[in-house]
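Me: I am new to reading structures. Please take a close look at one part, the pairs of opposite charge, and then go on from there to the rest in one connected account.

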Amino acid sequence: MINDTVVELSRWQFAATALYHFMFVPLTLGLSFMLAAMETVYVTTGKPIYKEMVEFWTKLFLINFTLGVATGLTMEFEFGTNWSFYSGFVGDIFGAPLAIEGLMAFFLESTFVGLMVFGWKRLSKIQHLVVTYLVALGSNLSALWILIANGFMQSPTGAEFNPITMRMELTSFGDLLFNPDAQAKFVHTSIAGYVTAAIFVCGISAWYMYKGRHVELAKRSFRMAALFGVLATAGVITLGDALGFVGAHSQPSKLAAMEAMWRTEAAPAPFNLIAWPSQSEKKNLFSIQIPYILTPVLTHTLTETVPGIAEIVADAEKHIQNGIPAVEALKTLSADPHNADALALFAAHKADLGYGFLAKRFSPDQDVSKATPDTIRQAAWKTIPQVFTIYWSFRVMVGFGLLMLAFFVLSIIFSLNNTVQNRRWFLRLAPWMIPVPFIACEMGWVVAEVGRQPWTVFGLLPTWMSASSHTVPYMVFSLIGFVVLYTIFALIEMSLMFKFIKQGPDEPHADEGEHDRGPAFGGGGFAPVPAIKHQEV
């Protein structure tokens, strides 16, 4: 029996490492394609200013990329160290996309990052542009394969439990690859990265314009980022709606928590604009509603009913009652793997096996044959995630998304009118927008991952069964160690970012022509780094 405290500490450790890692991911996804866009303009126009832009933003990209790799590698090892039962249960399915991510995407982007940095003098303009696009492609392919793995956790498809081997086995790689949840989440997450990069570039460019430094580079960077950002923000809001539509069918409990819907209401249901959900009292202590809005937003109809939490719990009770015989059959099969009666019983109830596992946690002596109506009801209510956390995380994410859309609309207007450099108030505001997309992305992951609870694989494997059998002191020590280490990484990134932002773009040597200038780091491979002209900030 795994200690509940160990399970919670394992969850906190993985959550901490994932959230730290995800501070770096969106900027890598978006900035890689912004570099490709800037270099495309340079290659097509031949204007040196655009090469300077690529070189400068590449410096910041490399800092972020390096720290992202450092924080991400440990997460794959955590599956084996802290979630060993999970790894054994779904390793055949979950391991495949992660292996492909490492072999295809990670090595692709890592190899071509080197060529992008050191290849300015060794490659033609077109060759270097192709390399930059391959870096961007590799970064986004990494996200694709990781989100395919995560998509299986959210909405398991393409696999089936084998009662003989007692583990999940892949039945269709195509179903795993084209899982609607994974595809919707990939597009939404990638475009959120583009928004993050656009805000990042806009904020730093605005600071340069406010200080009167590198104004021409800043103006062009700002305009490209604003155009990039307004399109990306519109896309991320639209595709967020599509992701919600997919999630409404695969995880109705998450959707109900996002909207704090405790009871099913007649269509078209009202939308809880602001609410204060109480999990203990199973109701909203306070709410402000907009009539008739929720149903068309979630279902794209006026008549389809959106199930509330109480109805979802009642449905979960039925699944648990149906899943208990499957667990009892597995107990027999563990001793006699070819018992015909047990195999037949399992086949009849296998669809709800995960709910039977969930009931095991609340049954006396973890024996599902001793489950009572009260323990079944208790297990059913545990299928509902933390409503308060999900509800407010979702609203912070959406609110910040609308704020960023408004910011980009103003940015486009001011930039196209060529007045942005004169809007002092806006230039002061823009750098303060930089944390906004990072917070919105983190809140999105909170909604996705906390909203999946109490499952590691939704409907199949409860979280309480998935963890390794560690001791509490071990988990406390490792959790503190990771938090301290990752905090140091975050501080290193911020200090390096501030350092190179203050230094600004490299100044070309007087004896260098534009074509011979080196990149941001290394001056064309192994040539000296161009001297940096220091200016007071």
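Reply: A salt bridge here is a side-chain nitrogen of Lys or Arg within 4 Å of a carboxyl oxygen of Asp or Glu. Side chains of opposite charge can pair when their charged atoms come close. The model is predicted, and a search of the whole structure finds eleven such bridges. Three of them are taken up below.

Start with arginine 361, which forms a salt bridge with aspartate 4; their closest N and O atoms are 3.7 Å apart. Arginine 361 lies in helix α13 (residues 353-362) and aspartate 4 in helix α1 (residues 4-21), so this pair ties together parts that are 357 residues apart in sequence. Buried means under 20% relative accessible area and exposed means over 50%, with partly exposed in between. Arginine 361 has 34% relative accessibility, so it counts as partly exposed. Aspartate 4 has 40% and therefore counts as partly exposed too.

Arginine 11 bridges to glutamate 8, with the closest N and O atoms 3.6 Å apart. Both residues lie in α1, three residues apart, which is about one turn of the helix. Arginine 11 is partly exposed at 22% relative accessible area, and glutamate 8 is partly exposed at 37%.

Arginine 452 is at 5% relative accessibility and so counts as buried, while glutamate 449, at 21%, counts as partly exposed.

From here the chain can be followed to a peptide bond. Glutamine 453 and proline 454 are joined by a cis peptide bond, with omega about 15°. Proline 454 sits in the loop between α17 and β5 (455-457). A cis peptide bond also joins alanine 267 and proline 268, with omega about -5°. Proline 268 belongs to the loop between α9 and β3.

That loop between α9 and β3 also holds alanine 260. Although alanine 260 is not a glycine, it has a positive phi of about 50°. At 1% relative accessibility, alanine 260 counts as buried. Asparagine 418, in the loop between α15 and α16 (424-429), likewise has a positive phi, of about 60°, without being a glycine. Its relative accessibility is 40%, so asparagine 418 counts as partly exposed.

The elements giving two or more residues to its lining are α7 (180-211), α8 (215-250), α9 (252-258), β3 (271-278), α10 (294-299), α15 (387-416) and α17 (435-450). Helix α8 gives the most, with eleven residues. In total 46 residues line the pocket, and His188, Gly240, Phe394, Met397 and Val398 lie nearest its centre. Sorted by class, the lining has 28 nonpolar, twelve polar and six charged residues.

Next come the cysteines. The structure holds zero disulfides. Cysteine 202 is in none, and the nearest cysteine sulfur, that of cysteine 441, is 16 Å away. A disulfide needs two cysteine sulfur atoms within 2.5 Å. Cysteine 202 is buried, with a relative accessible area of 0%. Cysteine 441 is also in no disulfide, and at 10% relative accessibility it counts as buried.

Strands β1 (residues 159-162) and β2 (residues 167-170) run antiparallel and are joined by four bridges. Phenylalanine 161 stands opposite methionine 168 in β2. The hairpin of β1 and β2 has four residues between the strands, and methionine 166 takes a positive phi near 60° there.

Technical notes
Residues are numbered from 1 along each chain as its sequence is written. This is a predicted model: local features need pLDDT of at least 70, side-chain atom pairs count only at pLDDT 80 or more; totals for chains, interfaces and linings use all residues. Side-chain values use heavy atoms; hydrogens and water are left out. On a 1 Å grid over the protein atoms alone, a cavity is a set of points where a 1.4 Å probe fits but cannot get out, and a pocket is an open set with protein on both sides within 12 Å along at least five of seven lines; lining residues have an atom within 4 Å of a point. Ala, Val, Leu, Ile, Met, Phe, Trp, Tyr, Cys and Pro count as nonpolar, Asp, Glu, Lys and Arg as charged, and the others, Gly among them, as polar. Two strands pair if DSSP finds at least two bridges between them. Buried means under 20% relative accessible area, exposed over 50%, partly exposed in between (1.4 Å probe, protein chains only).
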